[in-house]
Amino acid sequence: MLGEFYQDYHLVGFALCANGTGHWTSKVTIYPPPKINRSPTVLMGAEGLCATEAEAEREAVRMGKNWVDRQAS
């Protein structure tokens, strides 16, 4: 699990083992800042995209940052 704050959002990235393939899937939960009345958002990456657990966690946080950036547009 990898947590990071980005533009007042709390991003928590996870790596999920992709059905015994030895590869990993990224998942991120995006918690909005208290001033935004919204439930957390959950995003999943493509299954088995990442070769390592650490890579999947970093990819999850990157997906979260991209989502936050799109909200500001």
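Student: In what order do the elements of the protein run from the N terminus on?

Tutor: The model is a predicted one. The protein contains one helix and four strands. Read from the N terminus on, the order is β-β-β-β-α.

Student: What radius of gyration does the protein have, and why does it agree with that of a compact globule?

Tutor: The C-alpha atoms fill a box of roughly 40 × 20 × 15 Å along the principal axes. For 73 residues, a compact globule would have a radius of gyration near 11 Å. The protein agrees with this, because its own value is 12 Å.

Student: What share of the residues of the protein counts as buried?

Tutor: A residue is called buried when its relative accessible area is under 20%. Of the 73 residues in the protein, the share that counts as buried is 36%.

Student: Does Glu57 count as buried or exposed?

Tutor: Glu57 has its place in helix H1, which covers residues 53-72. The cut-off for a buried residue is under 20% relative accessible area. Because the relative accessibility of Glu57 is 13%, this residue counts as buried.

Student: Which residues does Glu57 touch, not counting residues up to four places away in sequence?

Tutor: Glu57 and Gly3 are 54 residues apart in sequence, and their C-alpha atoms are 9.0 Å apart in space. With residues up to four places away in sequence not counted, Glu57 touches Met1, Leu2, Gly13, Phe14 and Ala15.

Technical notes
Residues are numbered from 1 along each chain as its sequence is written. This is a predicted model: local features need pLDDT of at least 70, side-chain atom pairs count only at pLDDT 80 or more; totals for chains, interfaces and linings use all residues. Side-chain values use heavy atoms; hydrogens and water are left out. Helices (H or I, at least four residues) and strands (E, at least two) are DSSP runs, numbered from the N terminus. The radius of gyration is taken over C-alpha atoms; the globule rule is 2.2 Å times the number of residues to the power 0.38. Buried means under 20% relative accessible area, exposed over 50%, partly exposed in between (1.4 Å probe, protein chains only). Contact means heavy atoms within 4.5 Å.
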